[in-house]
Amino acid sequence: MTGTGRYRSMEEMQHSIIASGCEIVTVAVRRVQTNAPGHQGLAEAIDWNKIWMLPNTAGCQTAEEAIRVARLGREMAKLLGQEDNNFVKLEVIPDPKYLLPDPIGTLQAAEQLVKEGFAVLPYINADPMLAKRLEEVGCATVMPLGSPIGSGQGISTAANIAIIIENAQVPVVVDAGIGVPSEAALAMEMGADLVLINSAIALAQNPAAMARAMAQGVEAGRLAYLAGRIPIKSAASASSPLTGTIAP
């Protein structure tokens, strides 16, 4: 998954989405509705016959706001031709400095949106207990952060994400903080099902090239996970045979 925010131009966004090979693109409903800078014409700039829209509730600070914006997002998707699109990326973020999601508000909003027929993809701290609770109320995925949004710090929550992946019966999406393809690969090597990357692509010197690199990192990480890594050992283990050697 990729996002649509923070690009220097609409053309860079379009080229990056194509280069990434992604199938799902997230769109901030409030920014599109208000024609916020950088979002004018965004809905028309993407071929929604080829890309699945993931409306998000970015900018919402309470559960009530997020529920209202999610409803608007569903209508926006329908107006753009995706009649059966009930997806919403749920963000409830009252913290202006670190942009950390509110676990209580997220759970409250998720419960209501699931009742209304939404496929809810909640953005959360890497909290295994919260992830399980959101799964139990019917969320379609859980989306733990690797590190704060746009920070480029990589996956600093790896231990907790590993627990979430181990326990989850729904797809796990590592969202936020990934800065380079090796970090995207790491998320996939751990067993994540997807990653969502926006800032690392949009703010790169060459966004389209970074988008392509991220795609390759994701593919490599997934193949490595499926292949199965060798066990980690505390001592060396010779890769060459120890028999049939030439005597001194």
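Tutor: Helices here are DSSP runs of H or I with at least four residues, strands are runs of E with at least two, and both are numbered from the N terminus. The model is a predicted one.

Student: How many helices and strands does the protein have?
Tutor: The elements are DSSP runs, counted from the N terminus. On that basis the protein has 10 helices and 7 strands.

Student: Which radius of gyration does the protein have, and what does the globule rule give for 248 residues?
Tutor: The C-alpha trace spans about 80 × 40 × 35 Å along its principal axes. The protein is as compact as a globular protein of its length, because its radius of gyration is close to the value from the globule rule.

Student: What percentage of contacts between residues at least 6 apart in sequence join residues at least 24 apart?
Tutor: As for burial, 47% of the 248 residues count as buried. Among the contacts between residues at least 6 apart, the share that joins residues at least 24 apart is 65%.

Student: How many residues of strand β1 are buried?
Tutor: Strand β1 covers residues 24-28. On one side Ile24, Thr26 and Ala28 are buried, and on the other Val25 and Val27 are buried, which leaves both faces covered. The count of buried residues in β1 is 5 of 5.

Student: Which residue of β2 is the bridge partner of Ala28?
Tutor: Strand β2 takes in residues 52-56 and runs parallel to β1, with 5 bridges joining them. Ala28 is one of the β1 residues with a buried side. Its bridge partner in β2 is Asn56.

Student: Which elements give two or more residues to the lining of the largest pocket?
Tutor: The largest pocket holds about 690 Å³ of space. Its lining has 35 residues, and those nearest its centre are Arg6, Arg31, Ile149, Asn198 and Ser199. The elements that give two or more residues to this lining are β1 and α9 (199-202).

Student: How many nonpolar, polar and charged residues are in the lining of the largest pocket?
Tutor: Arg6 and Arg31 are among the residues nearest the centre of this pocket, and Arg belongs to the charged class. By class, the lining has 13 nonpolar, 16 polar and 6 charged residues.

Student: Is Arg6 buried, exposed or partly exposed?
Tutor: Arg6 sits in the segment before α1 (10-20). Its phi is near 75°, a positive value in a residue other than glycine. Most residues other than glycine have a negative phi. Buried means under 20% relative accessible area and exposed over 50%, so at 49% Arg6 counts as partly exposed.

Student: Where does Ala176 lie, and is Ala176 buried or exposed?
Tutor: Ala176 also has a positive phi, about 85°, although it is not a glycine. Its place is the loop between β6 (173-175) and α8 (181-189). With a relative accessible area of 9%, Ala176 is buried.

Student: Which element gives the most to the lining of the second largest pocket?
Tutor: About 300 Å³ of space lies in this pocket. Of the 17 residues in its lining, Met1, Ser20, Cys22, Val195 and Val218 are closest to its centre. Both β7 (194-196) and α10 (207-227) supply at least two residues. With 4 residues, the element that gives the most is α10.

Student: How many nonpolar residues are in the lining of the second largest pocket?
Tutor: The lining includes 3 polar and 2 charged residues. The number of nonpolar residues is 12.

Student: Which helix gives the most to the lining of the largest cavity?
Tutor: There is 1 cavity of 30 Å³ or more, and the space in the largest cavity is about 40 Å³. Pro128, Ala131, Lys132, Glu135, Val142, Ile164, Asn167 and Ala168 line this cavity, and by class they are 5 nonpolar, 1 polar and 2 charged. At least two residues come from each of α6 (128-136) and α7 (158-167). The helix that gives the most, with 4 residues, is α6.

Student: What is the relative accessible area of Thr106?
Tutor: Thr106 lies in helix α5 (residues 103-115). Leaving aside residues up to four places away in sequence, Thr106 touches Leu90, Val92, Pro101, Pro122, Tyr123, Ile124 and Leu134. Thr106 is buried, and its relative accessible area is 0%.

Key. Residues are numbered from 1 along each chain as its sequence is written. This is a predicted model: local features need pLDDT of at least 70, side-chain atom pairs count only at pLDDT 80 or more; totals for chains, interfaces and linings use all residues. Side-chain values use heavy atoms; hydrogens and water are left out. Buried means under 20% relative accessible area, exposed over 50%, partly exposed in between (1.4 Å probe, protein chains only). Two strands pair if DSSP finds at least two bridges between them. On a 1 Å grid over the protein atoms alone, a cavity is a set of points where a 1.4 Å probe fits but cannot get out, and a pocket is an open set with protein on both sides within 12 Å along at least five of seven lines; lining residues have an atom within 4 Å of a point. Grid points are joined across faces, edges and corners, and a volume is the space filled by probe spheres set on the points. The radius of gyration is taken over C-alpha atoms; the globule rule is 2.2 Å times the number of residues to the power 0.38. Contact means heavy atoms within 4.5 Å.
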